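Please open the model in a viewer and keep the sequence panel at hand.

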Amino acid sequence: MTNYLKKIALVLLLIGFTACKGEKESTTEEPAPKPIKVYKKNGISVKAYDYSGLEYFLTKENDTTYVVNFWATWCVPCIEELPHFEKLNAKYKDDKVKVILVSLDMPKMVENKLLPFIKENQLKSEVLYLRDPDANSWIPKVDSTWSGAIPATLIYNRDTRRFFEQSFSYEELEKEVSLIK
């Protein structure tokens, strides 16, 4: 084979390789939206989103199972079940399961109640703050069956989406995640 033909073969090989690489599914994920505010106090910070920003965390289509709990520091059943979410987060920290705790506290409570609560209870799960006063608009977008009562939990992945308007024991929560994961 002449040098000319070798060069053409090499160019064709490189073109084919580049085309094949371009056909692979992209593994990069769209970055999270910019929060409307970041609350900070004593080394703890929480990102605040309106519903359009939070929706990003409720609709991911990747190979991870998401456990999204809606709660507030003033909700006794919410506080009672938070250790179950933290235990689940610790158990699956090396798997493709992600726990997100979405606080529905009032804006005036974030710095004086929510941030100290996160610090005192050493929450390791990601905590986001939903700062969107139009609950009548966003509640049915989370799930059409949701009355708005908390605690409420959305467990989803790319194939399955389940919503629960209830408190969980650890066993119940772990069972639901294992059914979807």
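How many bridges join E1 to strand E2? Select residues 44-49, which form E2, together with E1: five bridges join the two, and the strands run antiparallel. The model on display is a predicted one.

**First stop: the hairpin of E1 and E2**

Within this pair, select Lys-40 and then Ser-45, its bridge partner in E2. Next select Lys-41, which stands opposite Ile-44 in E2. The hairpin has two residues between its strands. Asn-42 is found in that loop between E1 and E2, and its phi is positive, at about 50 degrees, although Asn-42 is not a glycine. Most residues other than glycine have a negative phi. Asn-42 has a relative accessibility of 57% and therefore counts as exposed, the cut-off being over 50%.

**Second stop: the whole sheet**

Now extend the selection from E2 to strand E5, residues 126-130. Here the two strands run parallel and are joined by three bridges. Lys-47 has Leu-128 in E5 as its bridge partner.

Select the remaining strands as well. Seven strands make up an open sheet with mixed pairing, and their order is E1-E2-E5-E4-E3-E6-E7. Which strands stand at the edges? They are strand E1 (37-41) and strand E7 (161-164); each has a single partner strand, so one side of each is left without a neighbour in the sheet. On average, neighbouring strands of this sheet are turned by 25 degrees against each other, direction ignored.

Select residues 76-91, helix H3. This helix lies across three strands, namely E3 (65-71), E4 (97-103) and E6 (152-156), and runs at about 160 degrees to E3.

The crossing in which H3 passes H6 is right-handed. To display the contact, show His-84, Phe-85, Lys-87, Leu-88 and Lys-91 on the H3 side; they meet Tyr-170, Leu-173, Glu-174 and Val-177 of H6.

Which residues have the most contacts inside the largest nonpolar core? Select Leu-54, Val-67, Val-68, Phe-70, Trp-71 and Trp-146; the core to which they belong has 54 residues. In soluble globular proteins, nonpolar side chains tend to be buried together.

Centre the view on Val-67 and display its contacts, leaving aside residues up to four places away in sequence. Among the residues that Val-67 touches are Phe-85 and Leu-88, then Val-97, Val-99 and Ile-100, and also Thr-153, Leu-154 and Ile-155. Leu-173 and Val-177 are likewise touched by Val-67, and both of these H6 residues take part in the meeting with H3.

**Last stop: two backbone features in loops**

Select Pro-151, in the loop between helix H5 (135-142) and E6. The peptide bond that leads from Ile-150 to Pro-151 is cis, with omega near 5 degrees. Most peptide bonds are trans.

Finally, go to Gln-122, in the loop between helix H4 (110-120) and E5. Is Gln-122 buried or exposed? With a relative accessibility of 54%, Gln-122 counts as exposed. Its phi is near 50 degrees, a positive value in a residue other than glycine.

How values were computed: Residues numbered from 1 in each chain as written. Predicted model: local features only at pLDDT ≥ 70, side-chain atom pairs only at ≥ 80, totals over all residues. Heavy atoms only, no water. Pairing = 2+ DSSP bridges. Helix = DSSP H or I, 4+ residues; strand = E, 2+ residues; numbered from the N terminus. Axes fitted to C-alpha atoms, helices over the stretch in contact; angles between N-to-C directions. Contact = heavy atoms within 4.5 Å. Core = buried A, V, L, I, M, F, W, Y, C linked by side-chain atoms within 4.5 Å. Buried < 20%, exposed > 50% of the residue type's maximum accessible area, 1.4 Å probe, protein only. Left-handed = near helix turned anticlockwise from the far one by under 90°.
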